[in-house]
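Subject: Handover of a structure for your review

Dear colleague,

Please find below the sequence and structure that I am handing over to you. My notes on what was found follow directly after it.

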Amino acid sequence: MTSTHRLSHLDQLESEAIYILREVAAQFERPALLFSGGKDSICLVHLALKAFRPGKFPFPLVHIDTGHNFDEALEFRDALAERIGEKLIVRYVQDSIDQGKAVEEKGKFPSRNAIQAVTLLDTIAEFKFDACIGGARRDEEKARAKERIFSVRDEFGSWDPKLQRPELWNIYNGKIHVGENVRVFPISNWTELDVWEYIRKENIDLPSLYFSHQREIVWREELVFPVSKFISLDNSDKVETRTVRFRTVGDMTCTAAVESEANSVDDIIREIQISRTTERGSRLDDKRSEAAMEERKKGGYF
């Protein structure tokens, strides 16, 4: 009697992601994994461990530090890189500002989210990376949904959504001309819920930011923003202490929290299942225009 074994949904997603990571190692000479200490990039590291252990990663971890990061994410980033014994390269947006290559925003919530593309492109040129692996997912935002898994960028780092390559079945074309670069998204087909269910299944550690905690906040455009040294408070701002958590982690100036009592992975999964708002609904930069993300990607954003 012949028995058949069918992979679960999460096992299928994991298998696809591992296959993509190994394709990157096979097709590119100098790949890198973009790692911020956020949940998606942490899952990528976990997948890379499954793909390449007991050997070393065939790429370094690279973080573009905006200078507006959460301390918890940076501490987790450094501890994880040290624990797994992999190379971590950090480059700083502040250096790009000091060199006159990028101009910092002014105002109450001065975001560095867009100008980090300058530092990223300089880092790609410095190390001659031909592929950068990122944790973006198609369910995050409309521009992400247009992205292929192997996304070619021209010699200026620009992305053109009209010039995407076909990806038939599981065939990924990594051929590029000199100066071009490919951004690779192994978890493109995952959803926010998939990520959290995978975190539960694999018992993956995360920064405390993702779980409920008390924090000083202010309200802006009906969003809950963390109080930090990077924003300019005025007399109209009312600082409150609320129990919150973060669904997505970017800069402190553009990432809002959500009021939540979810302090375990199971609690978070239940919360997501009934949520009526998207994960990136708490990212202020995405609200600047209908095409905010797409414009940043055309300028070199990951």
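**A hairpin and its sheet**

Strand 7 and strand 8 form a hairpin with two residues between them, and E221 in the turn has a positive phi of about 50°. Before going further, please note that this is a predicted model, in which local features need pLDDT of at least 70, side-chain atom pairs count only at pLDDT 80 or more, and totals for chains, interfaces and linings use all residues. Residues are numbered from 1 along each chain as its sequence is written, and side-chain values use heavy atoms, with hydrogens and water left out. Helices (H or I, at least four residues) and strands (E, at least two) are DSSP runs, numbered from the N terminus.

Strand 7 (residues 213–220) and strand 8 run antiparallel and are joined by four bridges; two strands are said to pair if DSSP finds at least two bridges between them. Opposite P226 in strand 8 stands I217. In a regular strand the side chains alternate between the two faces of the sheet. Strand 8 (residues 223–226) is covered on both faces, with L223 and F225 buried on one side and V224 and P226 buried on the other. Here, buried means under 20% relative accessible area, exposed means over 50%, and partly exposed lies in between (1.4 Å probe, protein chains only).

Strand 10 is joined to strand 9 (residues 240–245) by two bridges, and the two run antiparallel. R245 has V258 in strand 10 as its bridge partner.

Strand 2 (residues 61–65) pairs with strand 3 in the parallel sense over five bridges, and H63 has V90 in strand 3 as its bridge partner.

Axes are lines fitted to C-alpha atoms, for helices over the stretch in contact, and angles run from 0 to 180 degrees between N-to-C directions.

**Helix 1 and helix 7**

The axes of helix 1 (residues 9–27) and helix 7 (residues 192–202) come within 11 Å and cross at roughly 95°. The two helices are therefore roughly perpendicular to each other (angles under 35 degrees count as roughly parallel, over 145 as roughly antiparallel, 65 to 115 as roughly perpendicular and the rest as oblique). Helix 1 contributes H9, L10, D11, L13 and E14 to the contact, and helix 7 contributes D194, E197, Y198, K201 and E202; contact means heavy atoms within 4.5 Å.

Helix 7 is mostly covered, eight of its 11 residues being buried. Among them are V195, W196 and I199. The cover over the buried residues of helix 7 includes helix 1, helix 2, strand 9 and helix 8 (265–274). Just after helix 7, N203 takes a positive phi of about 55°.

**Backbone features in the loops**

The peptide bond from R53 to P54 is cis, with omega near 10°. P54 is found in the loop between helix 2 (39–52) and strand 2.

K128, although not a glycine, has a positive phi of about 55°. K128 is located in the loop between helix 5 (116–127) and strand 4 and is exposed, with a relative accessible area of 56%. W169 is likewise not a glycine and has a positive phi of about 55°. W169 lies in the loop between strand 5 and strand 6 and counts as exposed at 75% relative accessibility.

With kind regards
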